[in-house]
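Please consult the sequence and the structure shown below.

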Amino acid sequence: MLCVTAHPDDEAGGFGGSLALYQELGVETSVICLTPGQAATHRGGAKNDQELAAMRREEFAASCRILNVSHGLVLDYPDGDLYRQNLYRVVYDLALEVRRFRPQVMLTFGPEGGVTGHTDHSMASVFAALAFHWAGRTNRYPDQFRDGITAHRTQKLYYATADFTLPDRQPVTLAPANAVVEIGKHLETKIAAFKVHRTQAPLWPLFESHVRQRGKREMFHLAAALNAKVISQETDLFQGVD
Ligand SMILES: [Zn+2]
């Protein structure tokens, strides 16, 4: 399972319960975070962007350890500016990771940007969706086909979604959930992973109240599937996966 995010802490906040649950069920998990989060409002005492980026890379690694993520990678794109990046290049990087890791299932935000509507979340969604589709085509980035790398078709793509929105924010129009994953005890794992992001400590109370309100489940929208048919309600992201 490959999860594409925008900022260190998204892996915990958006996907932590499912990452921890599926790892426990024997799934190899990978998270690619596009930015080191250097533009965050909460700076944890960092003197400059570079120092904050270094601190947040360490927090990401610690969070991945709590979630038992098999492979965690933070790329170096600029926080807050993903919508101004070269689309060809970002999708190139992600398609290469898809062709290397060869996931069966991919997770990312929806193009609305999740409940926060953050533009970086929206762009992570767009880039990840294109990487999902293009990694499987031999006419996209054919220069990657060396050293044993071949095209790879991931079987399912999900957008994280929710059944609530945040008050006092710009409007977001969420994708309807068709997969509800019961994360059980991993609600606590997810909160613990979020709380190793110490630079973001001022966000902890807000985060915790939202996830506790959401309960012991995470919701997803099936955006693409290798064997697409009439959409069904799912409780397992690997339902129908070979
Ligand atoms: Zn984020």
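Is D76 buried or exposed? D76 is exposed, with a relative accessible area of 60%; here exposed means over 50%, buried under 20%, and partly exposed in between, using a 1.4 Å probe and protein chains only.

## Basis of the report

This is a predicted model, in which local features need pLDDT of at least 70, side-chain atom pairs count only at pLDDT 80 or more, and totals for chains, interfaces and linings use all residues. Residues are numbered from 1 along each chain as its sequence is written, and side-chain values use heavy atoms, with hydrogens and water left out.

## A bridge between separate elements

A salt bridge is a side-chain nitrogen of Lys or Arg within 4 Å of a carboxyl oxygen of Asp or Glu. The count by this rule is 14 salt bridges.

One of them pairs R57 with D76, with the closest N and O atoms 3.2 Å apart. R57 lies in helix 3 (residues 49–66) and D76 in the loop between strand 3 (71–74) and helix 4 (87–101), so the pair ties together parts that are 19 residues apart in sequence. Helices (H or I, at least four residues) and strands (E, at least two) are DSSP runs, numbered from the N terminus. R57 is partly exposed, at 30% relative accessible area.

## Further bridges

D81 and R84 also form a salt bridge, their closest N and O atoms being 2.8 Å apart. D81 is partly exposed at 23%, whereas R84 is exposed at 57%.

Within helix 4, E97 and R100 lie three residues apart, about one turn of the helix, and their side chains meet in a salt bridge of 3.2 Å, N to O. E97 is buried, with a relative accessible area of 19%.
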